[in-house]
Amino acid sequence: MTATAPTADAAVRKSSPGAARGPRRRPGRIRRAGLPYLLLLPALLLELLVHLVPMVIGAVMSFKELTQFHIRDWGTAPWAGLDNYAVSVDFDAPVGKALLHSFFVTTAFTLLSVGLCWLIGTAAAVFMQDTFRGRGLLRALFLVPYALPVYAAVITWVFMFQHDNGLVNHVLHDQLGLTDKPSFWLIGDNSFLALLTVSVWKGWPFAFLIVMAGLQNIPRELYEAAALDGAGMLQQIRRITLPSLRPVNQVLVLVLFLWTFNDFNTPYVLFGRSAPEAADLISVHIYQASFVTWNFGTGSAMSVLLLLFLLVVTGVHLALTSRGRRTAP
């Protein structure tokens, strides 16, 4: 009798519903836990193929003496070590001096473009908060520069900046008489102003869109209470709008900075393969160093230096913004 009791208990445990479901729960939990990673796998593979693999190849190329003589089989190029980096940062030599000039031009261009894009986009978004006739149509018109393809938009500006029959000279010189003679906008010192104009025209609708979305999260009761306390429009913007938009603006400014500093399409379409000295952005400068002079090793080293600079800027920005969030009341 005592010998048959354990076997009977075991049979009861095997036949009970809880015992039958117990072993099956573990595979189900594993499948549910692994489903997010499975869904992310295609995006990770594409990111690996499109960005990470070329990035690693470019970093390897920066340590090689890669010229047109080894372009068919770049693996056979002689190893140069840090020579390409030494040439790039030797600011007393022509290559390093030209790169430093391009860096300063790109920095000034980026700061002006990001600042103007943010200012115009924020002003337009605040203005669009009020209800008036035709607001929807005006919002759609504001987003047209952002929706247009880059090449089509910039080529249109190329025609507008023409010296003899361009619309810009026609308005400034012929119509308004603001200049003594038609200006050259695509060469010389005016090329920087032309590039800045196109960049701001193309980029401020993105800032407008992001800020307008951020304004939707600010309760209208705050503005009504401020108006009852006698606060004017400027005080409301300073005390309510800008502090409430701080998290949005932190991300917006970083994204605009990275996009503008890396912008290649706008100067390339506007000026061609050789940009004027006043508008020599670092993206076009690296392209010229790589594909015009056929010195791919030096161009790759410049690209790696640019990547490191942007990583440092991004890290400093994220550190400062996270510290500000922790110290905020």
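pLDDT is the predictor's confidence in each residue, from 0 to 100.

View 1. Of the chain's elements, helix 4 has the highest mean pLDDT, at 94, while helix 1 (residues 4-15) has the lowest, at 49. Over residues 1-5 the pLDDT is below 50, and that stretch makes zero contacts in the model beyond near neighbours in sequence. Where pLDDT is low, the predicted coordinates should not be read in detail.

**View 2. Here is the largest nonpolar core.** The core counts 42 residues, and F161, L195, F208, L215, L256 and L270 have the most contacts inside it. Helix 9 gives the most, with 13 residues. There's also a second, separate core of nine residues, including L99, F257, A289 and L306.

**View 3. Zooming in on F208.** Which residues does F208 touch, leaving aside those up to four places away in sequence? They are G121, A124, A125, M128, R139, F142 and L143.

**View 4. Now for helix 7 and its buried residues.** A153, V154, W157 and V158 are the ones to look for, as they are buried. Seen down the axis of helix 7, the buried residues fall within an arc of 145 degrees, so they line one face of the helix. An α-helix has 3.6 residues a turn, so residues three or four places apart point the same way. Helix 9 and helix 13 are among what covers the buried residues of helix 7.

Notes. Residues are numbered from 1 along each chain as its sequence is written. This is a predicted model: local features need pLDDT of at least 70, side-chain atom pairs count only at pLDDT 80 or more; totals for chains, interfaces and linings use all residues. Side-chain values use heavy atoms; hydrogens and water are left out. A nonpolar core is a set of buried Ala, Val, Leu, Ile, Met, Phe, Trp, Tyr and Cys residues joined through side-chain atoms within 4.5 Å. Buried means under 20% relative accessible area, exposed over 50%, partly exposed in between (1.4 Å probe, protein chains only). Helices (H or I, at least four residues) and strands (E, at least two) are DSSP runs, numbered from the N terminus. Contact means heavy atoms within 4.5 Å. The arc is that of the directions from the helix axis to the C-beta atoms.
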